[in-house]
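The following paragraphs lead through a protein model, taking its charged pairs, its strands, its core and its surface in turn. Please keep the coordinates at hand while reading.

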Amino acid sequence: MSPKMIRLRRAWFQLHKWIGLILAILIIPLSLSGSALVWRGWLDAQVNPHRYPVVSSPLATPGTYAEAANSLLKPGDRIVSMAFPDKAGSVQVTITKAPLGDSRPQRAWIWLDPTSAEPLDRANMNEGSSASSTPCTGT
């Protein structure tokens, strides 16, 4: 190879290396945040293990969980949906909160013990469903 081609090859290698490093700085955080979205159930179980008790007895009727969740609602809040566990986890109740002014209604989640329907946790939309929050006291 001629000296000119060697210099051009070295310059191209340096350009390629620095472009790769700069893109890696952008791609690695994107990959990590995407992984958190894909494995949100596993991540939530690691961050909030109290939300995932083992289901040791048959589940109660949906009405039992609705009553327990209703006792925690504030005026203007309403139950939107309930999700029931298979082998581990709590009954997750999604509620909408009364909107403030002209804003959209906000969501919140309540986790109930699958055996006793006792409240385990509550999180607002701005905390995220994977956010660590304080256990519910029923007040």
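A salt bridge is defined here as a side-chain nitrogen of Lys or Arg within 4 Å of a carboxyl oxygen of Asp or Glu. By this rule, the count comes to three salt bridges. The model is predicted: local features need pLDDT of at least 70 and side-chain atom pairs count only at pLDDT 80 or more, while totals for chains, interfaces and linings use all residues. Residues are numbered from 1 along each chain as its sequence is written, and side-chain values use heavy atoms, with hydrogens and water left out.

D44 forms a salt bridge with R51, their closest N and O atoms lying 2.9 Å apart. R51 also meets D121 in a salt bridge, at 2.8 Å from N to O. Because R51 lies in the loop between α2 (40-47) and α3 whereas D121 belongs to strand β4 (residues 119-124), this pair ties together parts that are 70 residues apart in sequence. Helices (H or I, at least four residues) and strands (E, at least two) are DSSP runs, numbered from the N terminus. Both R51 and D121 are buried, where buried means under 20% relative accessible area, exposed over 50%, and partly exposed in between (1.4 Å probe, protein chains only). The relative accessible area is 5% for D44 and 0% for R51.

A further salt bridge joins D77 to R122, with the closest N and O atoms 3.7 Å apart. D77 lies in the loop between α3 and β1 and R122 in strand β4, so the pair ties together parts that are 45 residues apart in sequence. D77 is buried at 13% relative accessibility. Salt bridges that share partners join D44, R51 and D121 into one network.

Strands pair if DSSP finds at least two bridges between them. Strand β1 (residues 78-83) runs antiparallel to β2, joined by five bridges, and I79 stands opposite I95 in β2. β2 and β3 also pair in the antiparallel sense, over seven bridges; the bridge partner of V91 in β3 is L112. Six of the seven residues of β2 are buried, so this strand is largely enclosed by the rest of the structure.

The largest nonpolar core has 12 residues, including Y65, L72, V93 and I110. α3 (62-70), β2 (91-97) and β3 (106-112) each supply at least two residues of this core. Such a core is a set of buried Ala, Val, Leu, Ile, Met, Phe, Trp, Tyr and Cys residues joined through side-chain atoms within 4.5 Å.
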